[in-house]
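I opened a new page for this chain and wanted to set down, entry by entry, what I looked up.

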Amino acid sequence: MMSIVEFFKNLPRKQCASCGNAIDEKADCYGNLCDECDHPAR
Ligand SMILES: [Zn+2]
């Protein structure tokens, strides 16, 4: 039986919808873009 901690550890990492880079844990309000693609100055 899998513990809740193991369950979250096995979740796939989020990927940037634009470049495919892995997205680090952060607020969901950013959607599916990595820091590079979500840069406000671009
Ligand atoms: Zn990206």
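What percentage of the 42 residues of the chain count as buried? I looked this up before anything else, keeping in mind that the model is predicted, and I found that 2% of the 42 residues count as buried.

Entry on the fold. I read the secondary structure along the sequence and noted the pattern α-β-β, which corresponds to one helix and two strands in the chain.

Entry on C34. I located C34 in the segment after strand 2, the strand being residues 22-23. Is C34 buried or exposed? I counted 20 other C-beta atoms within 10 Å of C34, and because the cut-off for a buried residue is 20 or more, C34 is buried. I then looked for what surrounds C34 and, leaving aside its neighbours within four places in sequence, I listed contacts with C16, C19, N21 and I23. I also checked the C-alpha atoms of C34 and Q15, which are separated by 7.5 Å although the two residues are 19 residues apart along the chain.

Entry on L33. I turned to L33, which also lies in the segment after strand 2, and I recorded L33 as partly exposed because it has 17 C-beta neighbours inside 10 Å. Which residues does L33 touch, not counting those up to four places away in sequence? I wrote down C16, A17, S18 and D38, and I noted that C16 is also in the contact list of C34. Finally I took the C-alpha to C-alpha distance between L33 and I23, which is 7.4 Å for a pair ten residues apart in sequence.

Definitions and conventions: Residues are numbered from 1 along each chain as its sequence is written. This is a predicted model: local features need pLDDT of at least 70, side-chain atom pairs count only at pLDDT 80 or more; totals for chains, interfaces and linings use all residues. Helices (H or I, at least four residues) and strands (E, at least two) are DSSP runs, numbered from the N terminus. A residue is buried if 20 or more other C-beta atoms lie within 10 Å of its own, exposed if 12 or fewer, and partly exposed in between; C-beta atoms are placed from the backbone. Two residues are in contact if their C-beta atoms, placed from the backbone, lie within 7 Å.
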